[in-house]
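Trainee: I'm new to this one. Could you walk me through it, a question at a time?

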Amino acid sequence: MSQTTDLADRIKERLVPFPRPHFLSAGDLNPPAALALLDLADEFVAHNRAMDGRPTLDLMAGRTVVNLFFENSTRTSSSFEIAAKRLGADVVTMPVTASSVSKGETLIDTAVTLNAMKPDVLVIRHSASGAADLLSQKVGCAVVNAGDGRHEHPTQALLDLLSLRRAFGDVGGLTIAICGDIAHSRVARSNVALLSMMGARVRLIGPPTLVPGDADRWGCEVFHDMREGLEGCDVVMMLRLQLERMAGDLVPSTREYFRFWGLDREKLAWAKPGARVMHPGPMNRGVEIDSDVADDLSVSLIQDQVEMGVAARMAVLAALSLRNDGAVR
């Protein structure tokens, strides 16, 4: 049996239906479903590496995936497009500037129009919290939330979980610090939910102006001192400083922010020896993280996160396709 055939057979053995019709939040998963997706994603990692990304699988042959991005995105949009194509799907990527939305069409109008074209999966990123959920109520296909306002970004949390499991073997019992602009981060919210669900101990670290007032009710420890918060941590996940979402001056300057909250070698030494570093991207080097740390593959999982993003999204799309097979035909 060829390596190609062997990998394809293993993938089909791992393939299970997604637990819900849509993937809108980390709460759509439970531990068994998350583990099944991680196992499937691991097979996709092996396939992508062995095949060098060229040959596709036929798990979504004849199906159409529409990427609907109302916010600019390179990493997430490209990751979903590559994932769908490697599964054999037809892919249409619609940046908002090329759609009728730029001419005044509402999200619901767009949903009705796209639904009439009978896609199988709609992947949406939108600046409004709840946009993905609204869209899911108006279409007859699966909807994947690729980031909605300050709400959630569940596939990012899944790929982060995949990177962590491959690095540590199990996330249960790990202490993970999520640091920086918590207030504007949908990545933080999805990661808190999913990592806590899988048994990790999650800490939130940031200046008082960038930590939500209700963060102490998220089931996490909250710290405003970087040294205290990083002590004993296995993982340090830095977040992008989202200046475009801020109303008012929440940080004195990016230089001062890096001095107190940016991750460099000195601050990383406050964590547990051997601690690993993550960042969902895009990175503001010299603001949230020093290049010396970000580019050191002995500690940084950042490039691994990019690779895992394609595999994790392949797992989500394939599992949703299996659950909803024939639902819109």
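Mentor: Let's start with strand β5 (residues 175-179), which pairs with β6 in the parallel sense over five bridges. Strands here are DSSP runs of E at least two residues long, helices are H or I runs of at least four, both numbered from the N terminus, and two strands pair if DSSP finds at least two bridges between them. This is a predicted model, where local features need pLDDT of at least 70, side-chain atom pairs count only at pLDDT 80 or more, and totals for chains, interfaces and linings use all residues. Residues are numbered from 1 along each chain as its sequence is written, and side-chain values use heavy atoms, with hydrogens and water left out.

Trainee: Which residue in β6 is the bridge partner of Cys179?

Mentor: Strand β6 covers residues 201-205. There, the partner of Cys179 is Ile205.

Trainee: How many of the five residues of β6 are buried?

Mentor: Buried means under 20% relative accessible area, exposed over 50%, partly exposed in between, using a 1.4 Å probe and protein chains only. The strand is mostly covered, and its buried residues number four.

Trainee: Is Val310 buried or exposed?

Mentor: Val310 sits in helix α12 (residues 302-323). Its relative accessible area is 11%. With the cut-off for that class at under 20%, Val310 is therefore buried.
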